[in-house]
Amino acid sequence: MAFIPHPDRRPVLVAGASSGIGAATAEVLAAAGYPVALAARRVEKLQELTDKITAAGGEAVAVPLDITDEGSVAECVAKAQAALGDLEIVVSGAGDLAVGLSYEVSPEDFASQIDIHLVGAHRLYRAVVPGMIERRRGDYVFIGSDVVLHPRPWSSAYVAAKAGIDGLVATAQLELEGTGVRASVIRPGQVLTGMGMDLDQKTTELMLNDWIRHGLARHGNFLEPGHIAQAVTAIVTMPRGAHMRVVEVEAEGALTRDKKPEGEQR
């Protein structure tokens, strides 16, 4: 059976759109002509970005979302679809970062990270994907992390949650095969966002020293949120019949080797 091309209008819901990767993704997709629903807890931040997008000629709406509350997730999806139409694309990136040594972090804090990053992502997935299956098309993009491949000290709960995302996506891809719905995961390296920027100086120093000791901080370059937004765009613009299942994005190391001047002999 031939694949039906993407429709001209593809409404998007971006979870975690108040800052960082989510905000950049919403802006990039809106600039490319996608109607975008921006979802997060900080509604005032969402509205600022929504106003910016609409002022630039894009179509956007701000929708409250608490990813840890099933009722909030259902209401968010309903409001987004009422405003923009059936969701063709969802980018699931809501989350925060709490750090601590694995043997010191409380069970409550550990469980909170799992609830936000893993269970929350599943809440949204479950609320949206059945409709996509019925329409026989759709892209669901999970924002994962390279910590799945390279775990970092002081981040045990976050690592466990993101490893769970990889497991969820791998299973979903098997279950969705033949439905017309594509599930993808992006594994970014270190991204310069507000996440983790509220840590105290001592904790940050101890954590970074451990990362260096284990070879996890090979250079000082960080990704920008826009880099991940470009990866999302590449996934969702892939024509029907192909599927970008896993995308890894890492910061390029700074140039450290001098280029030999033209004509110079060594």
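The stops that follow concern salt bridges.

This is a predicted model, in which local features need pLDDT of at least 70, side-chain atom pairs count only at pLDDT 80 or more, and totals for chains, interfaces and linings use all residues. Residues are numbered from 1 along each chain as its sequence is written, and side-chain values use heavy atoms, with hydrogens and water left out.

The structure holds 12 salt bridges, each defined as a side-chain nitrogen of Lys or Arg within 4 Å of a carboxyl oxygen of Asp or Glu.

Select Glu-59 and Arg-9 first: their side chains form a salt bridge at 2.9 Å, N to O. Glu-59 sits in the loop between α2 (43-55) and β3 (60-64) and Arg-9 in the segment before β1 (12-15), so the pair ties together parts 50 residues apart in sequence. Helices (H or I, at least four residues) and strands (E, at least two) are DSSP runs, numbered from the N terminus. Glu-59 is partly exposed at 34% relative accessible area (buried means under 20%, exposed over 50%, partly exposed in between; 1.4 Å probe, protein chains only).

Next, select Glu-75 and Lys-79, which meet in a salt bridge of 3.2 Å, N to O. These residues are 4 apart in helix α3 (residues 70-84), separated by about one helical turn.

Then select Arg-135 and Asp-86, whose closest N and O atoms are 3.7 Å apart in a salt bridge. Arg-135 belongs to helix α4 (residues 107-135) and Asp-86 to the loop between α3 and β4 (89-92), so the pair ties together parts 49 residues apart in sequence.

Finally, select Arg-10, Asp-139 and Arg-182, which a network of salt bridges links.
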